[in-house]
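Trainee: Could you walk me through this model with a few questions and answers?
Mentor: Gladly, let us take a look together.

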Amino acid sequence: MFIAYQSGAAYALLVGAFITDRESLINIGPLLNMPLMMLSGFFVNLDDVVPVLWPFQWISSLKYTFNIMLRTEFERNDDLKYEIVEGGVTRYPDTDELLDQVGVDLSLGTSFGCLVALYVGFLVLALIALMFTTRRV
């Protein structure tokens with residue numbers, strides 16, 4: 001969770017480097033954050049999202065955090081039993097099938113690596129943006 005927080009803070013720093021007016025930042029913040037939240041997998045399965053929006057999910061640190069949380073909770077946990085009733089037929093899927101249904105497509109290590117890459121990438125871009133937007137004295 002620490003790296004997820006740091007990725008979000010680096011994203012906020014990047015946005016703050018470009019938008020210096022506080023009121024504009026408050027107004028544009030939800031406009032920038034809502035698509036990233038919608039494309040993270042919390043609210044809608046990513047397989048149901050319009051394919052044009054798929055590239056934006058890869059810059060959402062929430063997507064990788066959601067993958068990590070679901071994999072940590074459900075992967076290789078044989079003690080959990082799930083019951084799915086479809087058309088009057090009851091079946092008991094394994095956890096891998098459930099993770100596939102939710103849209104978890106990355107492994108634990110890949111998700112963690114992507115979070116670290118987003119953190120470093122956002123920080124580097126914020127540094128570059130701050131170098132160009134601040135005046136030299």
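Trainee: Is D105 buried, partly exposed or exposed?
Mentor: Buried means under 20% relative accessible area, exposed over 50%, and partly exposed in between, using a 1.4 Å probe and protein chains only. D105 has a relative accessibility of 47%, so D105 counts as partly exposed.

Trainee: Before we go on, what kind of model is this, and what are the ground rules?
Mentor: This is a predicted model, in which local features need pLDDT of at least 70 and side-chain atom pairs count only at pLDDT 80 or more, while totals for chains, interfaces and linings use all residues. Residues are numbered from 1 along each chain as its sequence is written, and side-chain values use heavy atoms, with hydrogens and water left out. Since pLDDT is the predictor's confidence in each residue, from 0 to 100, the average to keep in mind for the protein is a pLDDT of 81.

Trainee: Which residue forms a salt bridge with D105?
Mentor: A salt bridge is a side-chain nitrogen of Lys or Arg within 4 Å of a carboxyl oxygen of Asp or Glu. A search of the whole structure finds one. Its closest N and O atoms are 3.2 Å apart, and the partner of D105 is K63.

Trainee: How many residues separate D105 and K63, and where do they lie?
Mentor: Helices (H or I, at least four residues) and strands (E, at least two) are DSSP runs, numbered from the N terminus. D105 is in the loop between α5 (95–102) and α6, and K63 is in helix α4. The pair therefore links distant parts of the chain, with a separation of 42 residues.

Trainee: Is K63 buried or exposed?
Mentor: The relative accessible area of K63 is 1%. With that value, K63 is buried.

Trainee: Which residues does T65 touch?
Mentor: T65 is also in helix α4 (residues 61–74), and it is buried at 9% relative accessible area. Contact means heavy atoms within 4.5 Å. Not counting residues up to four places away in sequence, T65 touches M1, A4 and L115.

Trainee: Which residues form the aromatic pair?
Mentor: Rings of Phe, Tyr and Trp (its six-membered ring) pair if their centres lie within 6.5 Å; planes under 30 degrees apart count as stacked, over 60 as edge-to-face and the rest as tilted. A search of the whole structure finds one aromatic pair. At 5.5 Å centre to centre and 55° between the planes, this tilted pair is Y11 and F122.

Trainee: Which helices does that pair tie together?
Mentor: The two residues are 111 apart in sequence, so the pair ties together separate parts of the chain. Y11 is buried at 15% relative accessibility, and F122 is buried at 9%. The helices are α1 (residues 2–18) for Y11 and, for F122, α6.

Trainee: Where is confidence highest in the protein?
Mentor: At least 70 is the score of 89% of the residues. Confidence is lowest in strand β2 (residues 89–91), at a mean of 67. The highest mean, 91, belongs to helix α6 (residues 108–133).

Trainee: How far apart in space are T20 and T133?
Mentor: T20 lies in the loop between α1 and α2 (22–38), and at 72% relative accessibility T20 counts as exposed. T20 and T133 are 113 residues apart in sequence, yet their C-alpha to C-alpha distance is 9.2 Å.
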